Amino acid sequence: GREEELQQVELFLAAARHAPRALVIEGEAGAGKTSIWEAALTNAQEAGSLTLASRPAEAETSFAYAALGDLLRDRSDALEGLPSRLRHALEVALRLDDEAADAPDQQSVGLGLLAMFMRLAGHGPLVVAVDDVQWLDAASAQVLRFAMRRIDVGPIAFLVAWRTEREAP
């Protein structure tokens, strides 16, 4: 019974193969957002897009960069070749640098994330997907917003599922 929504997702993914796009799937708990989100990821992968996905949970909201780690953990190879300051900031944020004592500055992490997104999209369509975006940890949310606002070219799609509550705007 979700044919219309799935068709909209297919149109969104097709458009994102040519220019940056974002899609928010929103609704109350149990409305089927995750099913549509999962179908979109499957469609994107079958169409040859690289997908980066995170499914944060409420219990993880206090863990700095937890969702960012989910998105990039399997793509740490893409850090190679980034400017050293940006690479180092991402390595510290992702806990890949055991010797760093200080937290990385948010701007460097955001710029590093932007550079990684652009580098990955340079090899083909990229889909960045977050289910239950309302549970993003603050640090991941901040750098994702920073990077997303600065992307104006490339085959990049941002797909998020957001649980709304009845009182929520």
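Predicted model: local features only at pLDDT ≥ 70, side-chain atom pairs only at ≥ 80, totals over all residues.
**Entry 1, α1 and α2.** On the α1 side I listed E5, L6, V9, E10 and L13, which meet I36, A39, A40, N43 and A44 in α2. I then looked up the axes of α1 (residues 3-16) and α2, which come within 10 Å and cross at roughly 40°. For the hand of the crossing of α1 and α2, I recorded right-handed.

**Entry 2, the sheet.** I traced four strands forming an open sheet in the order β1-β4-β3-β2, with parallel pairing. At its edges I found β1 (21-27) and β2 (50-54), each of which pairs on one side only. Neighbouring strands of this sheet are turned by 15° against each other on average, direction ignored. Returning to α2 (residues 33-46), I saw that this helix packs on the sheet and touches β1, β2, β3 and β4, while its direction makes about 165° with that of β4.

I followed β3 (residues 126-130) along β4 (residues 156-163) and noted five bridges in the parallel sense; for L126, the bridge partner in β4 is I156.

I checked the span of α6 (residues 138-150), whose 13 residues reach 19 Å from first C-alpha to last, close to the 18 Å expected. As its buried residues I wrote down A139, S140, A141, V143, L144, F146 and A147, and the buried residues of α6 pack against α3 (66-72) and α5 (106-121).

Note on methods
Residues numbered from 1 in each chain as written. Heavy atoms only, no water. Expected span 1.5 Å × (residues − 1). Buried < 20%, exposed > 50% of the residue type's maximum accessible area, 1.4 Å probe, protein only. Contact = heavy atoms within 4.5 Å. Pairing = 2+ DSSP bridges. Axes fitted to C-alpha atoms, helices over the stretch in contact; angles between N-to-C directions. Left-handed = near helix turned anticlockwise from the far one by under 90°.
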